[in-house]
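Colleague: Please pick one part of this model and take me through it closely. Keep it brisk, with cut-offs where you need them.

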Amino acid sequence: MSSKISKIIGGSIAEELEIETGDILISINGTEIKDIIDYRFLLADDYVEVEIEKKDGEIWTLEVEKEYEEDLGIEFEKEIMDEAKSCCNNCLFCFVDQLPVGMRKTLYFKDDDSRLSFLQGNFVTLTNMSDEDIDRIIRYKISPINVSVHTTNPKLREKMLNNRFAGNIYQRLEKLANAGIKLNCQIVLCPGYNNGEELINTVKDLYKLYPSIENVAAVPVGVTRFRKNLNEITLYNHESSKKELENVFDFQSKTIKDIDTPFIRLSDEFYVLSGNEIPKAEFYGEFDQIEDGVGMIRLFRDSISKDLNKLKIEGKGSFTLITGTLAFNEISKAAKAIEAKNNNVKVNVHKVINYFFGETITVAGLLTGQDIMKQIKVESVLEYIIMPRNMFKSGENIMLDDVTIDDLEKYFKKKIIICDYKGEDLIQLINEHI
Ligand code: SF4
């Protein structure tokens, strides 16, 4: 276990107490520190006893009087100091099981740790938690927790997660919800398993826990070309995605009437595949499920039309915009609108097909550098290349196949600009480069 201190904030209590980087925080009030959640929770007092192991091995016990909310002013090498919990499931739709060999090691780690849910927004199944772990969430008020529910039908959940202990999800959610913990729920829809009537039963169950559960996001299962020796999975197509949208329509209409939100929202892929009209912005509320690809198209479309008048009309420049097949049509429309507004701006949108994982994977976030380099001719690239942020590892410049921004810039001999989901970012970035 390592709770090594990596930084001391200037002017902080820690500096005053001569705590240094490289020292180890052992405990607060006698409780061992396992993670940043322990640290934050135990520190919330106006008197604490802090045990520090100095770099030379000497143990210091420090009595600290402070403001209730005041921090010691230290940062740690890792937010989770023991090992992150891995999952104990074998989900039939697991993406990790469908990865090719030879990718970076961290991609194969199946994490299922509620602390990462709170700290980094990861989704957890709650299957590897003891009752004490659930009580710790409640005691520490760790909220919100992002939960992969998939279904509330106990037998079906056991089957889908391949885990005979996975069936008690509703009881666990109920316990957390009754304790005031906010829960963001996600469902990976697998046709023939948890869709149709099963889906409606699940959302009706989850709706009983409103407002602790405010909304549920449903995404379609993804299958890569490396899926071998695993159960057959049917993918959504034009008809079945249309049917799924119809399936949830009555439930959504009722909750829109009752609580002003559809409660369950299906991701953009369902609308693109079915050809159904993308719902209006009101349908998506605060766009809380954007990371799940729920409402991304609406947000982009609206922010482009709202911010198009901010595009500089005197500037000049040309851009190559890279995306996957899912968002290609939408981004192409935005590119045309930008070109129409300023005739001296050229925006070429390149649709990159995901040959690496397989053509049925259409989201931009799962594209690899090698597909981009294979499919876009160097001589076709304009002055700047614009790529969405979700093509890169969070907080880093590296793609799924370890290709970096630097690699792409060297290959294309052009500058790469990273852009967020919103159209306003695109307009602003174009303004900055014309
Ligand atoms: S919980 Fe997540 S990581 Fe674990 S098997 Fe299921 S999908 Fe894979």
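Modeller: Angles under 35 degrees count as roughly parallel, over 145 as roughly antiparallel, 65 to 115 as roughly perpendicular, and the rest as oblique. The model is predicted: local features need pLDDT of at least 70, side-chain atom pairs need 80 or more, and totals for chains, interfaces and linings use all residues. Numbering starts from 1 along each chain as its sequence is written, and side-chain values use heavy atoms, without hydrogens or water.

Start with a helix pair. Helix α10 (residues 296-307) packs on helix α14 (residues 423-432) at about 45° (angles run from 0 to 180 degrees between N-to-C directions, with axes fitted to C-alpha atoms, for helices over the stretch in contact). Their axes are 7 Å apart. The two helices are therefore oblique to each other. On the α10 side, the contact (heavy atoms within 4.5 Å) uses Phe300, Ser303, Ile304, Lys306 and Asp307. Helix α14 brings Gly423, Glu424, Leu426 and Ile427. By class, that contact has four nonpolar, two polar and three charged residues (Asp, Glu, Lys and Arg are charged; Ala, Val, Leu, Ile, Met, Phe, Trp, Tyr, Cys and Pro are nonpolar; the others, Gly among them, are polar).

Now the sheet. Four strands form an open sheet in the order β13-β12-β14-β15, with parallel pairing (pairing takes at least two DSSP bridges). At the edges sit β13 (345-351) and β15 (415-419), and each pairs on one side only. Neighbouring strands are turned by 25° against each other on average, direction ignored. Strand β14 (residues 384-388) joins β15 in the parallel sense over five bridges.

Helix α11 (residues 328-341) lies across β12 (317-323) and β13, at about 170° to β13. Helix α13 (residues 405-412) lies across β14 and β15, at about 135° to β15.

Next, the cores. The largest nonpolar core has 69 residues, and Leu25, Tyr39, Ile74, Leu173, Leu183 and Ile264 have the most contacts inside it.

Last, a backbone detail. Phe287 is in the loop between α9 (268-274) and α10. Its phi is positive, about 55°, although Phe287 is not a glycine. Most residues other than glycine have a negative phi. Phe287 is buried (under 20% relative accessible area; exposed is over 50%, partly exposed in between; 1.4 Å probe, protein chains only), with a value of 15%.

Terms used. Core = buried A, V, L, I, M, F, W, Y, C linked by side-chain atoms within 4.5 Å.
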